[in-house]
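Reader: Hi, I'm new to this. Can we go through this structure bit by bit?

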Amino acid sequence: EPFVADEYIERLAWRTPGGGSRGGEAFDPKRLLEEFVNHIQELQVMDERIQRKVEKLEQQCQKEAKEFAKKVQELQKSNQVAFQHFQELDEHISYVATKVCHLGDQLEGVNTPRQRAVEAQKLMKYFNEFLDGELKSDVFTNSEKIKEAADIIQKLHLIAQELPFDRFSEVKSKIASKYHDLECQLIQEFTSAQRRGEISRMREVAAVLLHFKGYSHCVDVYIKQCQEGAFLRNDVFEDAAILCQRVNKQVGEVFSNPETVLAKLIQNIFEVKLQSYVKDQLEEHRKSDAEQYLKNLYDLYTRTTNLSSKLMEFNLGTDKQTFLSKLIKSIFISYLENYIEVEIGYLKSRSAMILQRYYDSKNHQKRSIGTGGIQDLKERIRQRTNLPLGPSIDTHGETFLSQEVVVNLLQETKQAFERCHRLSDPSDLPKNAFRIFSMLVEFLCTEHIDYALETGLAGIPSSDSKNANLYFLDVVHQANTIFHLFDKQFNDHLMPLISSSPKLSECLQKKKDIIEQMEVKLDMGIDRTLNCMIGQMKHILAAEQKKTDFKPEDENNVLIQYTNACVKVCGYVRKQVEKIRKSMDGKNVDTVLMELGVRFHRLIYEHLQQYSYSCMGGMLAICDVAEYRKCAKDFKIALVLQLFDTLHALCNLLVVAPDNLKQVCSGEQLANLDKNILHSFVQLRVDYRSARLARHFS
């Protein structure tokens, strides 16, 4: 442990009898001092002993350091001597090597001409045999020496090419004949070795044939035999991948240029097997069944590109990507040139059939909605005035919107986008995707949703109709759901295809225009529906509210808490609020409920202005308004509740004592209202004409 002087002194004092730093009865300072003195002497003796030991060790360390330094110097001298010896040896080896190389060059200079002379002599001997017309050499008669014969005949064939035809025509034809015979024998030998699976023999024969003109024929034979029995299953693409995988392992052991041979095999597979298979699959449905044709085209092109991706693993030369792309293009170019026209034609007919099938199931004859002349004029008038133009149509509660139809249309379009992504040229992809999107807008948005909105608008009854059935909110609910599905497909499937092209802004603008156009019709329909709701409430109030409700004949015998008209109106309003919440989402719910609430308040306000109120009648009016206010709470809109709170406060003016009128009018809820409004309510009291009331209010 680290040495701490204070603790050491403390322990020494504690061990000494009569010591201790705190003192006490047994404290003996003399004895403690004596102990300290003795201990100091002991420490001094110990210090001297340790110091002598340290000096001795230092002397020993200095001595060993000197000896080590001397030994290092001796080793450095030895190393320098050894290095000099190595340099001398290296110079001697370099000198000997130079002499040997010079001697080798001289020997090669003598041997090479000699070898050439011997080779030339042999070739002249074999040439003489062809010249005499009789082949006697063992190399030509012994079939086991076909390799040596091939080497000789190949050289003689090259020499014969340089000889004049008029003097050596006969010998040239004999050499050419022998050249051809040997070539055929080698190819036959290669074929037999391949069938036997003798890789080493195949490699030997291929190496010999490499210098012959028929080498390419050898490669063709190899490729042909590789494919025998390789395409026995139904999946030609999987068979091709397995075949190329197997050949890739073998071709490097047989040929000196394996990448060229493998590329030629792949080219043969694409141009023969795959092209034939694709043609059989597509031509069958090209004119008769567009749906099956497009499915087959997409499937075959996808499987071909997947096969190409697998083949990219192999060594096919420098630019294998371009090589494989050209092969794919050669197969599908005639089908891809007019792909988008087939796609658009099919999508158009299929979408029209889906819609027609739906309307037929509803026994509905689709009305034509004009787009010019008087129809445009009607549309502009309707948008400005919100008046129903033309007779109302009874839709019998049918919205003419079908989620099943929408899903089918979106599914067809989704598949079209997937095919477009796969089959379109990258430069044409945004343009083709936009055409598909235009088809979706035409059939989903215009022919289905817009038609349903037009029909729904025509089916909204006038605001003064009795017991009107309001189905337009159902149209709103379904249209809202469809918009979400439409927007999801736009973002998930169209955006990735056009995100980096000028077509993006065009698609966004088209989507914006169609949504704004439909929102105008939805707003118009909702507004007219709200008018109908208010009209229904007016009918209820007119039929159920009696003048005697607020001016009963017997003031002391009123047993009801609120009027029958109030009960029915509140019941009707609660149903409509619930229906609005189910039909819409987000901020639209609050916007529509606020509009309905404001109109509901205006209706009740104007309705109350039509009656005179006795004291008990005023109390009943307050009870009615309290019930209306409770109904307004269901709206969960602050403004609507505030309006009914103010109306409730106004109704208090119907029952308050004349002396308290000014106090009530200056209260928190009525202080900011116009005096004419307050006056109009006070005038509804039956006792208003009394001089006392008029005086107090004025």
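Author: Helices (H or I, at least four residues) and strands (E, at least two) are DSSP runs, numbered from the N terminus. This is a predicted model: local features need pLDDT of at least 70, side-chain atom pairs count only at pLDDT 80 or more, and totals for chains, interfaces and linings use all residues. Residues are numbered from 1 along each chain as its sequence is written, and side-chain values use heavy atoms, with hydrogens and water left out.

Reader: OK, loops. Where is Lys 636 found?

Author: Lys 636 sits in the loop between α20 and α21. Its phi is positive, about 55 degrees, although Lys 636 is not a glycine.

Reader: Is Lys 636 buried or exposed?

Author: Exposed, at 70% relative accessibility. The cut-offs: buried means under 20% relative accessible area, exposed over 50%, and partly exposed in between (1.4 Å probe, protein chains only).

Reader: And what is the phi of Asn 363?

Author: Positive, about 55 degrees, and Asn 363 is not a glycine. Asn 363 lies in the loop between α12 (339-361) and α13 (374-385). Asn 363 is exposed, with a relative accessible area of 73%.

Reader: Switching to charges. How many salt bridges are there?

Author: The count is 30 salt bridges. Each one is a side-chain nitrogen of Lys or Arg within 4 Å of a carboxyl oxygen of Asp or Glu. Side chains of opposite charge can pair when their charged atoms come close.

Reader: Which residue pairs with Asp 645?

Author: Arg 629. Their side chains meet in a salt bridge at 3.3 Å, N to O. This pair links distant parts of the chain: Arg 629 is in helix α20, Asp 645 is in helix α21 (residues 638-651), and they are 16 residues apart. Arg 629 is partly exposed, with a relative accessible area of 24%. Asp 645 is partly exposed too, at 21%.

Reader: How far apart are N and O in the bridge of Glu 506 and Lys 503?

Author: 3.3 Å. Those two lie three residues apart in helix α17 (residues 503-544), so about one helical turn separates Glu 506 and Lys 503. Glu 506 is partly exposed at 36%, and Lys 503 is partly exposed at 21%.

Reader: Now rings. How many aromatic pairs are there?

Author: The structure holds 15 aromatic pairs. Rings of Phe, Tyr and Trp (its six-membered ring) pair if their centres lie within 6.5 Å; planes under 30 degrees apart count as stacked, over 60 as edge-to-face and the rest as tilted. One of the pairs is Phe 237 with Tyr 277. It is edge-to-face, 6.0 Å centre to centre, with 85 degrees between the planes.

Reader: Why does that pair tie together parts that are 40 residues apart in sequence?

Author: Because Phe 237 lies in helix α8 (residues 236-254) and Tyr 277 in helix α9 (residues 258-283). Phe 237 is buried, at 5% relative accessible area. Tyr 277 is partly exposed, at 22%.

Reader: Which rings link into a cluster?

Author: Phe 600, Tyr 628, Phe 635 and Phe 644, through ring pairs.

Reader: What lies over the face of Tyr 451?

Author: Lys 366, at 5.0 Å from the ring centre. Likewise, Lys 511 lies over the face of Phe 490, at 4.5 Å from the ring centre. The rule is that NZ of Lys or CZ of Arg is within 6 Å of the ring centre and within 35 degrees of the ring normal.

Reader: Thanks, that covers my list!
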